[in-house]
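Here is a short note to read beside the structure. Please keep the 3D view open and find each residue as it comes up.

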Amino acid sequence: MIDHIARVREHYSAGGLINRIKAALTIIVPDDQPLTVDELAPLDQFHIRGMLATAELASAAGLEPSTRVLDAGCGIGGPARYLASTFGCKVIGVDLSPGFIEAAIYLTARSRLSDRVTFQVGNALHLPFEDAAFDVVFLQHVAMNIADRAALYTEVHRILTPGGRFATYDLVFGDGDVVYPVPWARDASTSFLLREQDTRVTLEQGGFTPILWRDDSETAFDWFKTTMTGSPQNGLSLGVVMGPDFREMSGNLARNLREKRLGLLSAVLKRD
């Protein structure tokens, strides 16, 4: 387990990330000017369909200003900032990568959202929170890196209030071998995909009842066809964060979806 966690952390290592982000953001505004959630979206939404997918999932989860939200595997904080800015709720983000958390704190300060959004380094299998601490947990493009899926869902169940909602948006196995590298893994050693049905069974065994369960594979591939033919908004892209091989990774992800090697699942579930 320790070796697996170390390999995942290495994949998302982000040395000098803040300096790269600052340099990229000078295209938009000077260093002393605030940034908006919309301006940052091409840079900080680490999942297919970006902020649109986050918005759809949040709407299905029924967020309100009083909702206590955890974003597990928060990356550099894009979804957490969107949720706080849009719904007025307080959000805590947790991620395995210290570099991502450092960048998330910086961007949140630049967005004037530090009073509503906080971040800390943490492992989704051992979250540093009391039982029933949250009303909603978000997990977007994270589960693929976690080998013990049952343990993950058990931990999410523990920190949710009874009747709380679990919003998950992740890739699942399709037909055939996955082509690597992809954004979450350079090879199969840090990729732990499940099939859609196995995902559902594991969630239900973990104490969750589906409210929304939707196959978004075709929608995802259509989105790729559009985004890969255009220029990044404001010149920003996830390549700033993930490095020069991100284009190859995203190209392989699109190919895997096109060839149905992968599927995309959107789900909101209720904790028993």
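This is a predicted model: local features need pLDDT of at least 70, side-chain atom pairs count only at pLDDT 80 or more; totals for chains, interfaces and linings use all residues.

1. Start with the aromatic pairs. The count comes to seven. Take W223 and F224 as one case: their ring centres are 5.1 Å apart and their planes stand at 70°. Planes over 60 degrees apart count as edge-to-face, so this pair is edge-to-face.

2. Now the surroundings of these two residues. F224 has 5% relative accessibility. Buried means under 20%, so F224 counts as buried.

3. Look next for an aromatic cluster. Y12, F46 and F100 form one.

4. A charged side chain also meets a ring. R200 lies over the face of W213. The distance to the ring centre is 5.0 Å.

5. Turn to the second largest pocket. It holds about 170 Å³ of space. Its lining has 14 residues. Closest to the pocket centre are D215, S217, L262, G263 and L264.

6. Which elements give two or more residues to this lining? They are β5 (160–173), α9 (217–227) and β7 (262–271). β7 gives the most, with four residues.

7. Last, the make-up of the lining of the second largest pocket. Seven residues are nonpolar, three are polar and four are charged.

Key. Residues are numbered from 1 along each chain as its sequence is written. Side-chain values use heavy atoms; hydrogens and water are left out. Rings of Phe, Tyr and Trp (its six-membered ring) pair if their centres lie within 6.5 Å; planes under 30 degrees apart count as stacked, over 60 as edge-to-face and the rest as tilted. Buried means under 20% relative accessible area, exposed over 50%, partly exposed in between (1.4 Å probe, protein chains only). A charge sits over a ring if NZ of Lys or CZ of Arg is within 6 Å of the ring centre and within 35 degrees of the ring normal. On a 1 Å grid over the protein atoms alone, a cavity is a set of points where a 1.4 Å probe fits but cannot get out, and a pocket is an open set with protein on both sides within 12 Å along at least five of seven lines; lining residues have an atom within 4 Å of a point. Grid points are joined across faces, edges and corners, and a volume is the space filled by probe spheres set on the points. Ala, Val, Leu, Ile, Met, Phe, Trp, Tyr, Cys and Pro count as nonpolar, Asp, Glu, Lys and Arg as charged, and the others, Gly among them, as polar.
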